[in-house]
Every structure is written in structure tokens, then in C-alpha cells.
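Trainee: I would like to learn how to read salt bridges and strands in a model. Could we go through some cases together?

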Amino acid sequence: VVYAIGTDFIAPTLSATPDGIYYQSSDVSVATVDASGNVTFTGNPGTGKTTVAGLLGEIYASLGILKTGKVIKADRKSLVGKYIGDTEDNTKRLLQQAHGNILFIDEAYNLVDNSEEKKDYGPKVIDCLLDELGKEHTDMIIILAGYPDEMDNLLKSNKGLHSRFPYTFHFEDYNEDELLEIARQTAGQSGYTFSPEALQHD
């Protein structure tokens, strides 16, 4: 498996078999393993979270775990409605599209509104997700993504989320060498190359 630049940290923790997807942590006294495949991705925008979701989808599809393995993107705007019942309908529609695929909810922490001044339907999305994940065979992988602190608050907002999303991958910002390699690959795809002088950096 070829991992995206800067995301090779995933390799030691991911084990995918026809029986399920396993994430194992070896940096704790007792290893934790999750066979569901649902995870949270944390990190700043532009650190490869969506790219890795696509790579995982390809892996799961090749193993027959998911039928297609495409990434179905969603966020608060596409999920939360303005009126009673809209949110449930939006979420169920996206869940239907996500069958056989990966549902990637970006900035998922926006589903929780801490304001007490207005009625918010964001938590209805969480309820729908948990209902779906409570089924015996969901035929999908759900990835919740966003900033670390905000995602931690999201997981704490509902007790059911911790058990359904027990493992988190943190994506660090790209360093200079990784950014340079990304630039080289992007240029190469268009038939361009950098001169040796352009590749020099302190």
C-alpha cells in the first residue's frame, strides 16, 4: 500500500482483513483494537485527511469489506436542516448514499452547538449516526474530522460516540521536505520539473 505524503504514521496502526478493519495502538500499556473501522481524524485543514479517507476506501473495497469504497463528503451545511424533521431526512439520505462507501463528515464538531440561546438540530445528526452504527451490518465506514480540541469536545458531548469512534488519527502539518515533495509530484503530473536551484532550501 502506498500512503500519501506525510501520512505513513498510519501504516503501523492499520490492519485490514476480509473479516474487518483493525486499528491497534502500541503506545499504551494495553493495546486497543477496534474492528468497526469508524474513526476520527484530527488536524488542520490541508493535512491530507480527505486523501487518506480515499486511500482507506480503496483498501476496504479491494478486500471486499466495502462494495465501492468511495468517499461521500458531508458537513453541517449538508446535514442540519432549518425545520423539524429536515435534519433527520438529510442525514438518512446521506447514510443511504454512504452504503458501501465511506461517509466523511468534515468539521464534525460543528454538529454540536454549545449556545443555549437557540434550538439547534445538530445533535439529531449524531443520534441518526449512532442509530445506524447500532445495526449489525452497516456496510459503511464513518470518519469524523476536524480540529483536535473541538473534536474532543464533540466526542464528550455524547457518551455513545466514544464507543463507536474509539480511535483517532492525528494529522500533523506538513514539514518543508513534505511540501517540496508534494510540489514536485504536482508539477510532474503536468509534465514539469524543478531545476536543482529551485529545489534548494535551507
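Trainee: How far apart along helix α5 are Asp 152 and Lys 156?

Mentor: Start with the general idea: side chains of opposite charge can pair when their charged atoms come close. In this predicted model, Asp 152 and Lys 156 are four residues apart in helix α5 (residues 148–157), so about one helical turn separates them. The two form a salt bridge, with 3.1 Å between the closest N and O atoms.

Trainee: Is Lys 156 buried or exposed?

Mentor: Lys 156 is exposed, at 58% relative accessible area. Asp 152 has 33% and counts as partly exposed, because that class lies between the cut-offs of 20% and 50%.

Trainee: How many salt bridges does a search of the whole structure find?

Mentor: The search finds three. One of them joins Arg 76 and Asp 120, whose side chains meet at 2.4 Å, N to O. Arg 76 belongs to helix α2 (residues 76–79) and Asp 120 to the loop between β6 and α4 (122–133), so this pair ties together parts that are 44 residues apart in sequence. Asp 120 is buried, with a relative accessible area of 15%, while Arg 76, at 25%, is partly exposed.

Trainee: Which residue forms a salt bridge with Lys 135?

Mentor: The partner of Lys 135 is Glu 132, and their closest N and O atoms are 3.1 Å apart. Lys 135 is partly exposed at 47% relative accessibility, whereas Glu 132 is buried at 8%.

Trainee: Now the strands. How many of the six residues of strand β7 are buried?

Mentor: Six of the six residues of β7 (residues 141–146) are buried, so the strand is largely enclosed by the rest of the structure.

Trainee: Which residues of β7 lie on one side, and which on the other?

Mentor: The general idea is that in a regular strand the side chains alternate between the two faces of the sheet. In β7, Ile 141, Ile 143 and Ala 145 are on one side, and Ile 142, Leu 144 and Gly 146 are on the other. Both faces are covered.

Trainee: Where do bridges join β7 to strand β4, and how many are there?

Mentor: Four bridges join β4 (residues 39–43) to β7, and the two strands run parallel. At one point, Phe 41 has Ala 145 as its bridge partner.

Trainee: In what sense do strand β6 and β7 pair?

Mentor: Strand β6 (residues 102–105) pairs with β7 in the parallel sense, over four bridges. There, Ile 105 stands opposite Leu 144.

How values were computed: Residues numbered from 1 in each chain as written. Predicted model: local features only at pLDDT ≥ 70, side-chain atom pairs only at ≥ 80, totals over all residues. Heavy atoms only, no water. Buried < 20%, exposed > 50% of the residue type's maximum accessible area, 1.4 Å probe, protein only. Pairing = 2+ DSSP bridges. Salt bridge = Lys/Arg side-chain N within 4 Å of Asp/Glu carboxyl O.
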